Amino acid sequence: MSAFLDAIDPLRNAAFRDELPGVHAAFDETVMRRHLQAALLGENGNGTAIGRCERRQAVYDPDQGCVVRYALEVCDRSTGRPLGRALASARLFPSERSSRQYFETRLVPLAAAMRGRPEVAAFLAPAALLEPLSMAVTLFPIDADLPTLVAATEPTVMLEILRGALERGNRAPFAPLRCRVDVAHYPRQHHCVLRYTLEGEGDGTRATVFGKIACDDRGALTAAALPELHERLDRGRTRRFAVPRPLGFVQALRLVLLEPMPGAPRVLALVRERLGAGGALGTPALEDAVEQAAAVAAGLHGSGVGRGRQRGIQEERVELEQALTVIDHFSPGLGSEYREWLDSVKALAAASEPLPACFSHGDFSPSQLLFSSDQCSLIDFDTICQAEPALDLGQFLAYLRLAARKAAEPASADGREITERVCARFVDAYVRECDLGPGAESILRRRVRLYEIVSLLRLVFHSWRKFKGERLAFAVELVRDRLGALAGWPT
């Protein structure tokens with residue numbers, strides 16, 4: 001595996017290093033600690049210093065350069081006593097000029113808006129330009145892709161907004177006096193999930209609201225679609241799953257507010273447990289969990305909600321072809337194989353007719369399903385679309401197989417057999433839930449095979465550009481295995 005990863009690692013590619021001259025420094029924690037110390041605290045740091053700089057997430061975007069994040073710990077320079085923590089982000093550019101333009105036009109106004117905020121009180125500046133590295137660095141919550149994050153993390157601003165949201169949500173009378181803001185999920189790109197804890201008089205008076213900020217107005221679509229989905233599910237004969245209720249969409253902040261949902265993801269932990277990797281125990285059992293997941297997918301697809309963009313196989317192929325262009329430039333060995341995989345996708349797509357589009361999640365994976373003692377909930381509706389049902393089913397299977405491969409590495413015969421049984425059970429349960437006849441079932445299964453490969457190819461690209469070497473190796477193995485298995489299946 002090591003030799004394979006070395007061969008396709010973009011950091012080892014001369015063209016990649018030439019495009020982003022600061023990339024070598026950005027991936028060296030020792031070097032970056034010195035640069036961040038000088039840029040954000042000053043050489044003397046007013047008695048403080050960055051005691052720890054741990055590189056976290058990284059992502060390459062062909063249109064926006066590369067972003068690398070660091071968890072920082074600020075310490076007293078003389079005693080070494082920790083004083084606080086911060087999250088820093090570095091964006092790399094092809095040239096000093098492009099980094100300077102980005103800093104002056106997009107970061108300087110956000111840095112000014114952070115003046116006086118306690119999160120950055122220990123720092124000389126919340127944003128800085130490192131021109132020799134063609135790099136701009138910022139402290140959370142400054143994010144030029146999510147410019148409203150600065151206001152959405154300000155407790156006094158959000159207290160007033162959330163008071164109004166709770167009143168409109170017809171909740172029990174509650175007059176919050178304080179608001180605490182925590183980061184629930186901050187992925188590499190495109191959105192951030194915040195958890196707002198509202199407190200009133202007395203120890204027991206508290207409410208929690210989740211807020212999701214996106215780089216576009218997808219939150220408005222979520223806020224409009226969820227009430228309609230609630231209504232359709234309530235009218236159904238059986239409510240098979242729960243979805244969050246929106247408390248509003250704050251247009252000025254691109255922020256959708258949602259009630260919290262009980263439970264936690266269980267499927268992947270159950271996969272690890274079943275395959276002997278010491279995963280957490282939990283209920284329901286793995287087979288029951290995947291059958292519930294199938295019921296959720298069937299209920300969602302049969303809801304009749306008409307919102308969301310059209311997302312067909314052609315759109316998926318365009319995205320994969322764009323990925324090929326990037327991979328081929330920096331990792332030509334992987335690009336050559338990726339091109340062959342893409343040809344297989346085209347052949348699979350041509351071998352069957354598409355199914356009618358329906359309301360789909362768009363990112364239906366095991367982590368989006370929360371299990372509690374009495375219900376299953378589906379979350380994260382910012383990728384809703386109108387697509388073939390096989391899109392969601394193939395995505396779920398791809399992530400299920402990836403989890404199984406990671407848990408059973410090196411892959412064993414028993415592990416593969418268990419994985420195949422669990423995946424088959426998921427699709428079989430969906431077929432039963434939808435009461436499909438033989439002809440419709442045959443078409444669905446062919447399209448699920450297609451979309452599973454599509455999802456795996458997307459996993460390969462996302463793992464590559466997020467510098468996730470181990471996951472990339474697993475994803476490549478899965479694509480090879482699945483295409484090999486498909487070669488023996490009837491069309």
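Student: In what order do the 5 strands of the open sheet come?
Tutor: In this model, which is predicted, the 5 strands are arranged in the order 1-2-3-5-4, and their pairing is antiparallel.

Student: And which ones are the edge strands?
Tutor: The edges are strand 1, covering 48–61, and strand 4, covering 127–130, and each of these pairs on one side only.

Student: What does the twist average from one strand to the next?
Tutor: Going from one strand to the next, the twist averages 20°.

Student: Over how many bridges do strand 2 and strand 3 pair?
Tutor: Strand 2, residues 65–76, and strand 3, residues 82–92, pair over 10 bridges in the antiparallel sense, and if you want a place to look, C66 stands opposite L92 of strand 3.

Student: Which strands does helix 4 lie across?
Tutor: Helix 4, made of residues 29–41, lies across strand 1, strand 2, strand 3, strand 4 and strand 5 (135–139), and helix 4 runs at about 110° to strand 1.

Student: Switching to helices, at what angle do helix 9 and helix 10 pack?
Tutor: Helix 9 (residues 267–274) and helix 10 (residues 286–301) pack at about 150°, and their axes are 9 Å apart. Angles over 145 degrees count as roughly antiparallel, so helix 9 is roughly antiparallel to helix 10.

Student: Is the crossing of those two, helix 9 and helix 10, left-handed or right-handed?
Tutor: The crossing of helix 9 and helix 10 is left-handed.

Student: Which residues meet there, between helix 9 and helix 10?
Tutor: From helix 9, V267, L270, V271 and R274 meet L286, E287 and A289 of helix 10, and the residues of this contact divide into 5 nonpolar, no polar and 2 charged.

How values were computed: Residues are numbered from 1 along each chain as its sequence is written. This is a predicted model: local features need pLDDT of at least 70, side-chain atom pairs count only at pLDDT 80 or more; totals for chains, interfaces and linings use all residues. Side-chain values use heavy atoms; hydrogens and water are left out. Axes are lines fitted to C-alpha atoms, for helices over the stretch in contact, and angles run from 0 to 180 degrees between N-to-C directions. Helices (H or I, at least four residues) and strands (E, at least two) are DSSP runs, numbered from the N terminus. Angles under 35 degrees count as roughly parallel, over 145 as roughly antiparallel, 65 to 115 as roughly perpendicular and the rest as oblique. A crossing is left-handed if the near helix is turned anticlockwise from the far one by less than a right angle, and right-handed if clockwise. Contact means heavy atoms within 4.5 Å. Ala, Val, Leu, Ile, Met, Phe, Trp, Tyr, Cys and Pro count as nonpolar, Asp, Glu, Lys and Arg as charged, and the others, Gly among them, as polar. Two strands pair if DSSP finds at least two bridges between them.
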